[in-house]
Amino acid sequence: MTAEIMLKTLLPARPSYSCVLCRRSPFRRLSTIKCRTRAMASAVASERESPAYVVRQLNEQYEKAHKAFEDNFWATKMNLTGNSSAALAQTKTDYDTFLGDAQNLQAVRDALQDTQLTPQLRKNLEIMQKTFLCYITEDPKATAMKEKLNQLEADLGQSRNQMSLGYTNPSTGKFMKASSVQLRNTMRTDSSEDVRKACWEGMRTVGPHVAAQFCEIVKLRNKLARNLGYEDFYDYKVKTAEGFSKRELFQKLAPLEEATRPLMAQARKALAQSKGQSAVQPWNISYSLSGDIEREMDPYFPFEEAVDVWARTFAGLGIQYKGARMRLDLCDRPGKYSNGFCHWPQPAWRRDNGEWVASEANFTSLATPNAIGSGKTALNTLLHEGGHAAHFANIDQGSPMFSQERAPTSVAYAENQSMFLDSFIDDAAWKGRYALSREGEVIPWELIKRGIEASHPFSVFTVRSMLAVPFFEKAVYELPEEQVIPEAVTALADSIEKDVEGGLAGRPLMSVPHILADESSAYYHAYVLAEMSVHQTRAHFKRKYGALVDNDKDAHWKVLQFLALAGPCIVYSLSKKGKDVQQNGFLRRLSSVVGGQGFGGDILAARQWCSLFRAGAAADCTAPLCWCLGQQAQTKCGQCGATGRAGLPASCTNRPKDQARSASFFLVMHSCSMKMKPSNCFCHGKSAWFRCLSSICFVCRHSCCAKLETLLFLLVHNLCNLLLSSLRHNCSWPAQRCAVPSSV
């Protein structure tokens, strides 16, 4: 036997198997390690190229850039200690840079080519593509212009916030500092015409203060828009946000302007005839229309109850916030932004692993607690901005880009939701339920009727005032560049006011804060479109359900299921699929005569609904919805006349079977009350509705669910103390049950 044959016999045969991934033999350990490393690297590279990975990465990057900007936006607008306009401009630039990055758009387009996409992945990628297309600026010059604009707008915002605004008291000659909201509120309620005129003159100082900086911004905005291929900045904003052109927009607005022009002329003539020629002066109009009525209604809108009434109104509609957190800044103060708004530093969305990311919302109003009308002003803002917060808190999609308020989200679509909800404050049925004095007295029907009779014939003034803003902005952005100078722009504002509103405006156009900031410029038309659509929305629900107030019976009626359709929906494209935004019903209501054919029926219906929803209806009343909770010890039902003790005993036949209703317990209603005996968790007094941090119901002291599905209200400290200090005096429960935990 040869040596070669002997060696083959003695040594085992080399294994013949190989790696299934790379087909290399693992005979040597080093080869196996290299093979596994190469396989892992290949898997990672494959994952990074997958559509799911692209979506995940873009979601994380967007969320980070969005939150950084929104945190600085809130700090500067609220004039918080340490805020920086430079930081705001930088984070806005970073945000714009991410949204305008062509590589992000290309990554999305490549991912959309995958034939194995799930429906959810495709939906996520399509909204990303739509969003990026609104901001892509391939020209480096456009990017530089955006960066410069961010700084100019931040500087103008800071200058406007720090402006020493106010009026000179005609009696003392002393300058009184006041925000634009305080000035307008004084014009609406102060009995002295001299004071009202001084406040109006104070409002007129805003225009000259901002005009020079505003003109520079207008020029640069137009240059940017034209560089991107648009007619002007207004055309750019409308196309990116609403999906149609400026021309198409004003084709919708022009007929409304033409139809309401004779109504405005008639209303101004009627006002002058009934209250004197001075009534149509810009500083007198709001007082002439609502001064006396506003004073009489003021006791039924206590400022300290505004948050509570907002919460109970939304609870009655079945609105929930899906675990959202909110930061409220409700009171006016020097240096604070002069308009209410709601923004989301944390958009609501659902991660690809199913985890729900609840929204965080910041919203503000400008209430002055001791001023006449402050309670109603605060409540109106809470209903409006809280409506925005509720809308966006309930958008359950696979990307935060679905639940943000900028393009491609339609502004008109978003405003429809909030304006629908703030319309309740003028609803007679709502007033009969929720407009209560500190002593628990229900607003009288006669006062509601007088308010309708005093305001309705002149409601066209509000429409014309809204129309003036988009017509002014359209005219500004259509000016030749050499004419965009402070004197020309302020003169143009006065000219538009006289043409559209019939005279100089009580709220000068140059004092409207929306025109200054990028995120709110060239979008005031959305309020007009939304006003028309709100009338359609209310008519739809009335036809379908009969009642609006406290109607959460039908699954289709649950308001947020109607509101949170899909996030960025375009009004124009929606109108092609369903009903377009119509002005006919809106115009019919504007032109109807109080007590005449059409509106006479509205007065009768308003009285019936007001009676049906009267707070304090007897517990034994068999009329529908008479389980509305009362505030008085002895009450009379406005519908059936029965009298009885306020509140609902356990034997009440109209008591909802699924949960205990409470006049002021909002947070507990959907989660805590299911774990309590109704008789133990039922309070019709002014008990606080804040969630107890220890998860103990501080009305009945019963332990409740720690994870409430409704909103955690985070109030500013001073307002929280203000509310808590006034809670106990009307409560009929023993003191130990209404004791507010020190942890709240």
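This is a predicted model: local features need pLDDT of at least 70, side-chain atom pairs count only at pLDDT 80 or more; totals for chains, interfaces and linings use all residues.
**Alanine 198**

Solution. Residues are numbered from 1 along each chain as its sequence is written, and side-chain values use heavy atoms, with hydrogens and water left out.

- Helices (H or I, at least four residues) and strands (E, at least two) are DSSP runs, numbered from the N terminus.
- Buried means under 20% relative accessible area, exposed over 50%, and partly exposed in between (1.4 Å probe, protein chains only).
- Contact means heavy atoms within 4.5 Å.
- Step four: take the C-alpha atoms of alanine 198 and threonine 168, and you get 6.2 Å in space for a pair 30 residues apart in sequence.

**The whole chain**

Task: How many helices and strands does the protein chain have, and what share of its residues is buried?

Solution. Begin with the elements: the chain has 27 helices and 10 strands. Then turn to burial, where 56% of the 744 residues are buried. To finish, look at contacts with a separation of 6 or more: residues 24 or more positions apart account for 72% of them.

**Helices H3 and H4**

Task: Describe how H3 and H4 pack, giving the angle and the distance between their axes.

Solution. Two packed helices are described by the angle between their axes and the distance between the axes.

- Step one: the axes of H3 (residues 51-77) and H4 (residues 85-99) come within 9 Å and cross at roughly 155°. Axes are lines fitted to C-alpha atoms, for helices over the stretch in contact, and angles run from 0 to 180 degrees between N-to-C directions.
- Step two: this angle makes H3 roughly antiparallel to H4. Angles under 35 degrees count as roughly parallel, over 145 as roughly antiparallel, 65 to 115 as roughly perpendicular and the rest as oblique.
- Step three: the crossing of H3 and H4 is left-handed, a term for a near helix turned anticlockwise from the far one by less than a right angle, with right-handed for clockwise.
- Step four: residues of H3 in the contact include Leu58, Tyr62 and Phe69, while those of H4 include Leu88, Tyr95 and Phe98.
- Step five: the residues of the contact of H3 with H4 divide into 11 nonpolar, 6 polar and 1 charged. Ala, Val, Leu, Ile, Met, Phe, Trp, Tyr, Cys and Pro count as nonpolar, Asp, Glu, Lys and Arg as charged, and the others, Gly among them, as polar.

**Helices H16 and H21**

Solution. H16 (residues 411-422) and H21 (residues 525-545) pack at about 55°, with their axes 8 Å apart. That angle makes H16 oblique to H21. The crossing of H16 and H21 is right-handed. Among the residues making the contact are Met419 and Phe420 of H16 and Val534 and Phe541 of H21. By type, the residues of the contact of H16 with H21 come to 10 nonpolar, 3 polar and 3 charged.

Solution. Leucine 379 is in helix H15, residues 374-393, and is buried at 2% relative accessible area. Not counting residues up to four places away, leucine 379 touches Phe301, Ala306, Val309, Trp310, Ile425 and Trp430. Threonine 313 belongs to helix H14, residues 306-316, and is buried at 2%. With that sequence limit of four places, threonine 313 touches Leu383, Trp430 and Tyr434.

Solution. Most residues other than glycine have a negative phi, and most peptide bonds are trans. The bond from alanine 407 to proline 408 is cis, with omega near 15°, and proline 408 is in the loop between H15 and H16. Lysine 322, not a glycine, has a positive phi of about 50°; lysine 322 lies in the loop between H14 and strand E3 (325-331) and is partly exposed at 29%. Alanine 522 also has a positive phi, near 50°; this alanine 522 is in the loop between helix H20 (486-501) and H21 and counts as buried at 1%.
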